[in-house]
Amino acid sequence: PPGAGSCGKMAAPMSRGSRGPEPGAAPYGNFPNYSRFHPPEGRVSLLPQGLLRSLFPAATRPLLGLDVGCNSGELSVALYQHLVGLQDSESSPEPPGAGKELNLLCCDIDPELIRRAQQSSPFPASISFASLDIMDSRAREPFLSSYLQRFGRSSFDIGFCMSVTMWIHLNHGDRGLLEFLALLASLCTFLLVEPQPWRCYRAAARRLRRLGRGDFEHFRSLQINGDMAQSVTRILTQQCSMELVCSFGSTAWDRSLLLFRATGA
């Protein structure tokens, strides 16, 4: 999850023993094999068929999507397939006109995970993967502007923030979370958010300490805590000019899928 290209923050270290990477132990959430313990189907199955068409019934141009914190891309690909009505990528190669319906820009803090995503993507014409620190304005602004200008656009139609808010919050504090949500709200007409619950914060901090890597700088000073789905909803609706359109329920690992819309849209 989040995004930082040039700073070279790499995939999570291996934990002791043969169990492989310990879930949640990476300081930026950028652990490999993420989809093995939070499979994409757990989110995608909650989203209704035809969602994109219902949100944009009169769209005559390609829609633009932004996926922040895409890891190695499995969920990005699954979201794309679901939104444009494709089946399993192995049986459905990229149709010639797929990019006419949706173009998806996916970014992550970890260049190694992005390299994996680029190598394995079945939709290279429609999904772009890039290493980017979404919290670094000097890197972010020219990169996103350049992408949007290719389509003659100034914003994205829909954004995805799937299990990313906690990592922004732990690494950048309350102010960072507020800035991040305000940024997404300014960039996207619709925004699908999957906030991690507070117990995940405690688990992530515990696992980081267990690996001997200290604690998250901001963890013990966070004033925004408790019910994080409620907190994220309050911030977006009261401070970021968005409204809650729908809650699509919770995943098997108890994370809510919340869809917001810019109030001026």
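**A close look at the salt bridges**

Tutor: Start with Asp 157 and Arg 153, whose side chains meet in a salt bridge, 3.1 Å from N to O (that is, a side-chain nitrogen of Lys or Arg within 4 Å of a carboxyl oxygen of Asp or Glu). Both Asp 157 and Arg 153 are buried (under 20% relative accessible area; exposed is over 50%, partly exposed in between, using a 1.4 Å probe and protein chains only).

Quick note: this is a predicted model, where local features need pLDDT of at least 70 and side-chain atom pairs 80 or more, while totals for chains, interfaces and linings use all residues. Residues count from 1 along each chain as its sequence is written, and side-chain values use heavy atoms, leaving out hydrogens and water.

Now look at Arg 140, which bridges to Glu 141 with the closest N and O atoms 3.5 Å apart. Arg 140 is buried at 12% relative accessible area, whereas Glu 141, at 47%, is partly exposed.

Next, find Asp 254 and Arg 199, joined by a salt bridge of 3.8 Å, N to O. This pair links distant parts of the chain, 55 residues apart: Asp 254 sits in the loop between strand S6 (242-250) and strand S7 (256-262), and Arg 199 in helix H8 (DSSP runs numbered from the N terminus: H or I of at least four residues for helices, E of at least two for strands). Asp 254 is partly exposed, with 46% relative accessibility, and Arg 199 is partly exposed too, at 40%.

Finally, Glu 112, Arg 115 and Arg 116 are linked in a network of salt bridges. The whole structure holds eleven salt bridges.
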